[in-house]
Amino acid sequence: MRKKNPNAYADIIPETYLTANDYYRQQFLTRFHGEPNVVWILKPLNLSCGRGIKLVSACTHPAPKLSKKKAYVAQRYVANPFLINGLKFDLRVYVAVTSYDPLRIYLFNDGLVRFCTEKYSTSKSALQNPFGHLTNYSINKKNAAAFQKNQDTQHDSHALSSSKWSLQMFKYLRDQGKAHELENFQQALEDLIVKTLIAVEDKLASTSSRNAFELYGFDVLIEGEYLKPCLLEVNVFPSLSSSSPMDKRIKTVLVSDLFQLVGIPFVDARREAQQLDKAKQDRLHGIKQPRQSSAGVTKTILRKENEAQRRRRTLEELQRSASSVTMSQLSDEDLQLVKEMEQELHRCGHLSAFFQQQKRLTNIPSSSTR
């Protein structure tokens, strides 16, 4: 996509090469030797949790040994990250996709801020210190002398000493006088996410089922004092395990809202099993099942009528607001898409659709709060 649209994709991700490819491997080595003072970060393929990551530059390291078997994602290191208390950090932003054709994207209004545990420095000796440069939680928790675990679900999200925050961080930045920069950051972050997903839309649209959905973990670095978002990587299997009460709180809401968004009903498996077992025993003993009461039937009918009325009202509002297309001009497939989107919007919870510009990350202050 960067080749097709160089201007649109120039700034969302650092210069990156996949060294398993012969052509790109040679391109990287040419760049490596041509700019000896530039630092590159090498990430092994098919590894996680920060394992095997290296920081290298031609002025301090020999050329890395690369091959198809020993391949890396080679990325120009972002040397001027925005720091809090002298520490580097990145964001884990959760993004749900309920359809690739057409593309429907939802952004969760909370996430994680993962800090390094030692002060950031670009000196040659400091480049070899993973606790100052790699934000991976699994790495920094090993730094027993400096790592601070969240202990409380609510108050630790504000604690400036902990090594992991929630996106309450944006309120902290607003208090530090960054309200204007945060407005620009919000729009730039949304652009980054949309452009990233558009880059893979064609391939995934042809393989994705209409009944499938995806949850991605976007790892985003904030660059410079102007708070420019910079994409580091996208995790297709973001961890949903909880290492702290804050983790559990955020991820519980995320998973609950995600299942609600895609229409997966809540089922109490234990209760269902008990009811099935009881019904089986009743049948064996010849006990007739009680019929639903008239009051229960009435409630069910009213609920269905209210749901139908709400759908009719929404479609009528769409028809009144349409300027160039009326509902009668839409095909059956288009009407089905409208229905699906409308239903998702009523179920999205803390996930906001990108085309609803008034819905934003709730922890990022809007201009009205300045």
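Arg51, Lys141, Lys142 and Lys149 form a positive surface patch in this predicted model. One of the four, Lys141, sits in the loop that runs between α3 (137–140) and β7 (164–166). Lys141 has a relative accessible area of 47% and is therefore partly exposed, since that class lies between 20% and 50%.

Asp334 belongs to helix α9 (residues 332–345). With a relative accessible area of 33%, Asp334 is partly exposed.

**Strand β8 and its neighbours**

Strand β8 covers residues 214–223 and is mostly covered, with nine of its ten residues buried. Which strands pair with β8? On one hand there is strand β5 (residues 89–100), which runs antiparallel to β8 and is joined to it by eight bridges. On the other there is strand β9 (residues 228–235), also antiparallel to β8, with seven bridges between the two. Phe218 of β8 takes part in both pairings: Val93 stands opposite Phe218, and in β9 the bridge partner of Phe218 is Val234. In a regular strand, side chains alternate between the two faces of the sheet.

β8 and β9 form a hairpin with four residues between the strands, in which Gly224 adopts a positive phi near 70°.

**Salt bridges**

Side chains of opposite charge can pair when their charged atoms come close. The structure holds 14 salt bridges. Three of them are listed below.

| Pair | Distance, N to O |
|---|---|
| Lys43 and Glu233 | 3.7 Å |
| Lys178 and Glu225 | 3.1 Å |
| Asp247 and Lys251 | 3.9 Å |

The side chains of Lys43 and Glu233 meet in a salt bridge. This pair links distant parts of the chain, as Lys43 is in strand β2 (residues 40–44) and Glu233 is in strand β9, 190 residues apart. Lys43 counts as buried, because its relative accessibility is 14% and the limit for burial is under 20%. Glu233, at 33% relative accessibility, counts as partly exposed.

A salt bridge also joins the side chains of Lys178 and Glu225. Lys178 is placed in the loop between α4 (169–175) and α5 (179–207), and Glu225 in the loop between β8 and β9, so the pair ties together parts that are 47 residues apart in sequence. Lys178 has a relative accessible area of 11% and is buried.

Where do Asp247 and Lys251 lie, and how far apart are they in the helix? They are four residues apart in helix α6 (residues 245–262), and so are separated by about one helical turn.

Terms used: Residues are numbered from 1 along each chain as its sequence is written. This is a predicted model: local features need pLDDT of at least 70, side-chain atom pairs count only at pLDDT 80 or more; totals for chains, interfaces and linings use all residues. Side-chain values use heavy atoms; hydrogens and water are left out. Patches are made of residues with over 30% relative accessible area and no salt bridge: like charges are joined within 9 Å, nonpolar side chains (Val, Leu, Ile, Met, Phe, Trp, Tyr) within 5 Å. Accessible areas come from the Shrake-Rupley method with a 1.4 Å probe; for residues, only the protein chains shown count as cover. A salt bridge is a side-chain nitrogen of Lys or Arg within 4 Å of a carboxyl oxygen of Asp or Glu. Lys and Arg count as positive and Asp and Glu as negative; His and the chain ends are not counted. The place of a charge is taken as NZ of Lys, CZ of Arg, CG of Asp or CD of Glu. Buried means under 20% relative accessible area, exposed over 50%, partly exposed in between (1.4 Å probe, protein chains only). Two strands pair if DSSP finds at least two bridges between them.
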